[in-house]
Amino acid sequence: MIELPLVNNNKRERKPSWLRVKLPVGKTYREVRKIVDEHKLHTICESGNCPNMGECWGAGTATFMILGNVCTRSCSFCAVATGRPPDYDEDEPRRVAEAVKLMGVKHCVITSVNRDELKDGGAAIWAETIRQVRLQSPTTTMETLIPDFKARWNALEVVLQERPEVVSHNMETVKRLYRLVRPQARYERSLEQIQRTKDYGGMRTKSGFMVGLGETEEEVYELMDDLLAHGCEIVTIGQYLQPTKHHLEVAEFVHPDIFKKYEEIGLQKGFKFVESGPLVRSSYHAERHLI
Ligand code: SF4
């Protein structure tokens with residue numbers, strides 16, 4: 001459920017020119033920084049070392065990460081800290097909503113860490129966060145990038161019944177690489193989560209995955225077909241970047257032309273929207289996905 005990490009490592013010098021990004025500066029950036037800090041919130045932008053912070057925060061948006069900043073899973077691509085999280089913060093939903101209101105965004109994206117140790121996987125806090133945002137910013141639309149809740153489908157329903165406009169769940173990689181990339185996740189379980197969301201009705205379904213992990217083009221098309229067969233309408237595709245030397249190495253820096261090809265083929269296959277590019281992350285340009 002977590003987004004793609006940023007950067008760099010021991011192979012920084014080999015990064016191609018198309019991965020260069022804007023430095024995080026400017027008045028709007030500083031205002032977002034202040035809101036996040038004063039409300040003691042976490043963002044996947046920071047925890048995931050996202051390369052787009054200069055652009056997104058500079059445009060006044062950020063993706064909040066709820067249920068703390070320690071994840072119970074240890075995906076080998078992800079920059080978010082892993083371990084046993086402290087108790088969750090019951091006031092976090094109110095502070096997230098207040099921050100969304102202060103930022104004045106028309107559309108917001110919220111994600112979370114995995115909280116597999118909780119009976120409901122954190123679904124109650126998810127639902128309360130959606131309610132609080134609706135209360136404080138009734139015209140703001142929402143994308144919730146949620147976990148698989150370890151197939152506790154009643155927990156998924158607790159979130160879905162709050163009806164965020166877009167519900168996303170990231171596949172992250174192709175089927176063959178699951179054990180390596182997402183050892184505590186299951187390819188079929190994530191597809192089932194998307195199918196159940198689609199079947200619940202009334203919300204846009206979205207997913208995202210990384211390339212550059214060693215997958216083949218055929219495997220990417222197989223993943224697209226599986227997503228479409230399970231009701232996914234929107235997909236994001238971005239380059240994997242190794243957050244630290246302890247994470248998986250980049251197998252390939254995929255050329256922008258291939259991203260363009262994935263976009264064209266994804267649209268031909270039937271996705272309503274494909275956001276595909278080296279720096280694309282699941283919340284990148286998320287307001288465009290409200291189709
Ligand atoms: S792409 Fe998403 S995670 Fe990255 S900076 Fe933008 S809002 Fe944050």
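This report walks through a predicted model, from the whole chain down to single residues.

## Ground rules

Residue numbers start from 1 along each chain, following the sequence as written. Because the model is predicted, local features need pLDDT of at least 70 and side-chain atom pairs count only at pLDDT 80 or more, while totals for chains, interfaces and linings use all residues.

## The whole chain

Let's start with the overall picture. The chain has 10 helices and 10 strands; these are DSSP runs numbered from the N terminus, with helices being H or I of at least four residues and strands being E of at least two. Along the principal axes, the C-alpha atoms fill a box of roughly 45 × 45 × 35 Å.

Of the 291 residues, 49% count as buried. Here, a residue is buried if 20 or more other C-beta atoms lie within 10 Å of its own, exposed if 12 or fewer, and partly exposed in between, with C-beta atoms placed from the backbone. Among contacts between residues at least 6 apart in sequence, 77% join residues at least 24 apart. Two residues are in contact if their C-beta atoms, placed from the backbone, lie within 7 Å.

## Around the ligand

Next up is the ligand. It is surrounded by 13 residues, and the closest are Cys45, Cys50, Cys56, Ser283 and Tyr284. A residue is near a molecule or strand if its C-beta atom, placed from the backbone, lies within 6 Å of it.

Helices α2 (44–47) and α3 (53–58) each supply at least two residues of this shell. By class, the shell has 7 nonpolar, 4 polar and 2 charged residues. The classes work like this: Ala, Val, Leu, Ile, Met, Phe, Trp, Tyr, Cys and Pro count as nonpolar, Asp, Glu, Lys and Arg as charged, and the others, Gly among them, as polar.

## Two helix pairs

Helix α4 (residues 92–103) and α5 cross at roughly 35 degrees, and their axes come within 8 Å. Axes are lines fitted to C-alpha atoms, for helices over the stretch in contact, and angles run from 0 to 180 degrees between N-to-C directions. The crossing of α4 past α5 is right-handed; that is the word if the near helix is turned clockwise from the far one by less than a right angle, and left-handed if anticlockwise. On the α4 side, the residues making the contact include Glu92, Val96 and Val100, and on the α5 side they include Ile125, Thr129 and Gln136. The contact of α4 with α5 divides into 7 nonpolar, 3 polar and 5 charged residues.

Helices α9 (residues 217–229) and α10 (residues 256–269) pack at about 35 degrees, with their axes 11 Å apart. This crossing is right-handed as well. Val220, Tyr221, Met224, Asp225 and Leu228 of α9 meet Tyr262, Ile265, Gly266 and Lys269 of α10. By class, that gives 6 nonpolar, 1 polar and 2 charged residues.

In α6, the buried residues are Ala155, Leu156, Val158, Val159 and Leu160. Their cover includes α5 (123–136), β6, β7 and α8 (187–200).

Most residues other than glycine have a negative phi. Alanine 151, in the loop between β6 (141–145) and α6 (153–160), has a positive phi near 65 degrees. Arginine 163, in the loop between α6 and β7 (166–168), has a positive phi of about 50 degrees. Alanine 151 counts as partly exposed because it has 15 C-beta neighbours inside 10 Å, and arginine 163 is partly exposed with 15 other C-beta atoms within 10 Å.

Arginine 73 lies in the loop between β3 (70–71) and β4 (81–82). With 19 C-beta neighbours inside 10 Å, arginine 73 counts as partly exposed. Beyond its neighbours within four places in sequence, arginine 73 is in contact with Thr82, Asn114, Asp116 and Gln184.

Glutamine 242 sits in the loop between β9 (234–239) and α10, and is buried because 22 other C-beta atoms lie within 10 Å. Threonine 139, in the loop between α5 and β6, is exposed, with 6 other C-beta atoms within 10 Å.
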